[in-house]
Amino acid sequence: MIDYNAEDRTFDCPPSLNDEQVVDFCRDGYLLLRGIVPDETNRRTLDWLNGERPAEPVAIPPGMTADDLQRIRDSHEPSSIFLEEWFLRDVLLNEQLVGVMRSLLGRSVQLPVLASHHGTQCPQPAQGWHHDADRVFGPELNFVEVFYFPQDTPIELGPTELVPGTHMRHTPRRAEEGGLFSDGPAGTLGIHHQSILHRRGASTASGMRHMLKYNYWRTKPPQRDWIHQCEFDERTAHFGGHEQARYAAHMYYWLCGRGDAFRTHGGQAWPWRSANQIGPSPGFAPSAGYRPDWSGSRPDGYAP
Ligand SMILES: [Fe+2]
């Protein structure tokens with residue numbers, strides 16, 4: 001079912017997310033797929049990262065040499081692991097993961113080119129809460145980030161901790177406030193918006209925690225080509241609460257290829273809603289109104 005093009009390192013496959021799940025990602029900014037990479041591949045990954053397994057790249061990229069690949073392997077960005085056949089098959093092109101990427105990034109998704117290796121000798125205190133460098137707050141979803149944990153990563157081993165819904169704008173948070181843990185058995189893949197607020201969680205257990213981080217890329221303009229649900233209704237979809245719904249709905253519109261058309265009246269108007277309403281929010285999809293301000297520069301959060 002996966003159509004992989006080795007020449008440009010893109011793939012296509014059927015989408016696996018439906019309308020509501022795409023809205024969930026726009027609103028929450030993350031998805032967690034626990035324990036989906038086969039154990040044998042997790043073991044190979046750990047051996048490879050520990051230097052206990054020889055490199056066997058399927059090909060040497062044009063313009064590079066075997067020495068280049070060795071230098072890359074020895075760095076904190078060991079991207080040459082992407083050239084191992086078993087890693088490509090079971091991790092990058094993991095059957096469950098690719099359907100999600102295809103849903104969020106359209107056809108011909110480009111595979112990652114850069115791996116970031118976060119190896120931590122535990123125990124360790126928690127990292128400070130942060131948005132990663134070079135993040136963009138905006139309705140566009142041109143790439144999606146993945147965290148791969150090749151060993152069992154219970155909360156005691158300090159999995160990444162993140163705060164759902166914080167990919168929309170700069171979000172201060174005190175160290176003592178917790179988040180949601182990406183814990184799981186070996187082979188857990190955390191998928192999230194690169195702008196989301198996160199940190200390495202505090203660890204109390206002993207041992208090495210490995211994590212690889214990398215991005216999948218859009219190559220086609222967005223359109224609503226994931227799984228359609230006949231019962232799905234944009235008018236009543238759950239885009240989130242105050243200071244959140246307008247951003248998630250704008251992102252959803254962008255993914256549908258209608259980003260420029262998004263407007264809202266604000267206040268209790270669509271896309272905000274409450275479970276206690278006696279009818280849908282007024283002001284559905286107005287032709288005139290306000291756009292969300294993604295820059296964070298306007299105190300009301302609206303651009304004219
Ligand atoms: Fe980070």
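**Helix packing, domains and local backbone features**

Helix H2, residues 39-49, packs against helix H4, residues 85-92, at an angle of about 130°. Their axes lie 10 Å apart. The model described here is predicted. H2 and H4 are therefore oblique to each other. The crossing of H2 past H4 is left-handed. On the H2 side, the contact involves Thr 41, Arg 44 and Thr 45. On the H4 side, these residues meet Trp 86, Phe 87, Asp 90 and Val 91. By class, the contact of H2 with H4 divides into three nonpolar, two polar and two charged residues.

An α-helix has 3.6 residues a turn, so residues three or four places apart point the same way.

The chain is divided into two parts. Domain 1 covers 3-217, and domain 2 covers 231-304. The C-alpha centres of domain 1 and domain 2 are 30 Å apart. Domain 1 gives 15 residues to the contact, and domain 2 gives 16 residues. On the side of domain 1 that touches domain 2, seven residues are nonpolar, three are polar and five are charged.

Helix H1, residues 19-28, is mostly covered. Eight of its ten residues are buried. The buried residues of H1 are Asp 19, Val 22, Val 23, Asp 24, Phe 25, Cys 26, Arg 27 and Asp 28. These buried residues pack against three elements: strand S3 (30-33), helix H5 (95-105) and helix H6 (245-255). Gly 29 follows H1. The phi of Gly 29 is positive, near 80°.

The packing of H1 against H6 can be described in more detail. The axes of H1 and H6 come within 8 Å. They cross at roughly 130°. H1 and H6 are therefore oblique to each other. H1 passes H6 in a right-handed crossing, whereas the crossing of H2 with H4 is left-handed. From H1, the contact uses Val 22, Val 23, Cys 26 and Arg 27. From H6, it uses Ala 248, Met 251, Tyr 252 and Leu 255. Seven residues of this contact of H1 with H6 are nonpolar, none is polar and one is charged. Val 22, Val 23, Cys 26 and Arg 27 are also among the buried residues of H1.

Two cis peptide bonds are described next. One joins Cys 122 and Pro 123, with omega about 5°. Pro 123 lies in strand S6, residues 120-124. Another cis peptide bond joins Trp 270 and Pro 271, with omega about 10°. Pro 271 is placed in the loop between H6 and strand S14 (291-292).

Positive phi values also occur outside glycine. Asp 134 is not a glycine, yet its phi is positive, about 65°. Asp 134 sits in the loop between S6 and strand S7 (143-149). Asp 134 counts as exposed because it has 7 C-beta neighbours inside 10 Å. For this class, the count must be 12 or fewer. Glu 243 is a residue other than glycine with a positive phi, near 60°. Its place is the loop between strand S13 (212-217) and H6. Glu 243 has 13 C-beta neighbours inside 10 Å, so it counts as partly exposed.

Ile 60 is found between H2 and helix H3 (66-73). Ile 60 is partly exposed because 13 other C-beta atoms lie within 10 Å. Leaving out residues up to four places away in sequence, Ile 60 touches Thr 65, Ala 66 and Leu 69. Asn 5 is 55 residues from Ile 60 along the chain. The C-alpha atoms of Ile 60 and Asn 5 are separated by 16 Å.

Definitions and conventions: Residues numbered from 1 in each chain as written. Predicted model: local features only at pLDDT ≥ 70, side-chain atom pairs only at ≥ 80, totals over all residues. Axes fitted to C-alpha atoms, helices over the stretch in contact; angles between N-to-C directions. Helix = DSSP H or I, 4+ residues; strand = E, 2+ residues; numbered from the N terminus. Parallel < 35°, antiparallel > 145°, perpendicular 65-115°, else oblique. Left-handed = near helix turned anticlockwise from the far one by under 90°. Contact = placed C-beta atoms within 7 Å. Nonpolar A, V, L, I, M, F, W, Y, C, P; charged D, E, K, R; others polar. Domains from an automatic or database assignment. Buried ≥ 20, exposed ≤ 12 C-beta atoms within 10 Å, placed from the backbone.
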